[in-house]
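Subject: Structure for your review

Dear colleague,

Please find below the structure that I am handing over to you.

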Amino acid sequence: MLNSALVLAAEGKTHNPIIPDISELILGIVAFLILLFILKKYVVPRFEAAYEERAQKIEGGIEKAERAQAEAEEALAKYKAQLHEARSEAAKIRDDARLEAEQIKAELRAEAEAESQRIVAQGQAQLQAQKAQIIAELRADMGRNAVELASRIVGESLEDEARRRGTVDRFLAELETAGASNGAGK
């Protein structure tokens, strides 16, 4: 450095370090213009293409998001409609089941009532049959007893079947008539 300062001092020119030399200034301007041309020709179009691509991706992403949002809203509306339809169908099924249960109850009640009436009728028929059998047995017993007593009283044998049956029937008819007139008089 000292040498360059001596060389400058020897030449007699004092150079201001703040102001560049004209050749350096021209060289700097030419280099700047070349750099500006290269940037404008090659770098800026790539940046613009990347910017445009990114902008399109962002716009595409926004459109895609909007479409997805619309599809989601449509799916939600369909889901709500299906849910409403399923709930109304479930309510209808419950109502139908209730009606069917009521019908089944009514049918079972009717069947049970018919069965109970049949059982009661059958019981009454059995009672009537047993009553008729008991009455027949009592008549036979009473007939034998009456024939036996009458034989003792009358002193003749009432062993003859036809005579005995006629006597027993007459006696029972008189008893029934007497019982009916006593029952009517009360």
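The notes below cover the overall fold, the surface and the salt bridges.

This is a predicted model, in which local features need pLDDT of at least 70, side-chain atom pairs count only at pLDDT 80 or more, and totals for chains, interfaces and linings use all residues. Residues are numbered from 1 along each chain as its sequence is written, and side-chain values use heavy atoms, with hydrogens and water left out.

Overall fold and surface

The protein contains three helices and zero strands; helices (H or I, at least four residues) and strands (E, at least two) are DSSP runs, numbered from the N terminus. Along the sequence, the pattern is α-α-α.

Of the 186 residues in the protein, 4% are buried. Here, buried means under 20% relative accessible area, exposed means over 50%, and partly exposed lies in between (1.4 Å probe, protein chains only). The protein has an accessible surface of about 16600 Å², and carbon and sulfur atoms account for 61% of that surface. These areas come from the Shrake-Rupley method with a 1.4 Å probe; for residues, only the protein chains shown count as cover.

Salt bridges

Five salt bridges were found in a search of the whole structure. The term denotes a side-chain nitrogen of Lys or Arg within 4 Å of a carboxyl oxygen of Asp or Glu. Three of them are described here, in sequence order.

K57 is paired with E53 in a salt bridge whose closest N and O atoms are 3.5 Å apart. Both residues belong to helix α2 (residues 22–154), where four residues, about one turn of the helix, separate K57 from E53. K57 is exposed, at 58% relative accessible area, whereas E53 is partly exposed, at 43%.

R98 forms a salt bridge with D95, with 3.3 Å between the closest N and O atoms. R98 and D95 also lie in helix α2, three residues apart, or about one turn of the helix. R98 is exposed, with a relative accessible area of 52%, while D95 is partly exposed at 40%.

In the salt bridge between R118 and E115, the closest N and O atoms are 2.3 Å apart. R118 and E115 are both in helix α2, with a spacing of three residues, about one turn of the helix. R118 is partly exposed, at 43% relative accessible area, and E115 is likewise partly exposed, at 35%.

Yours sincerely,
A colleague
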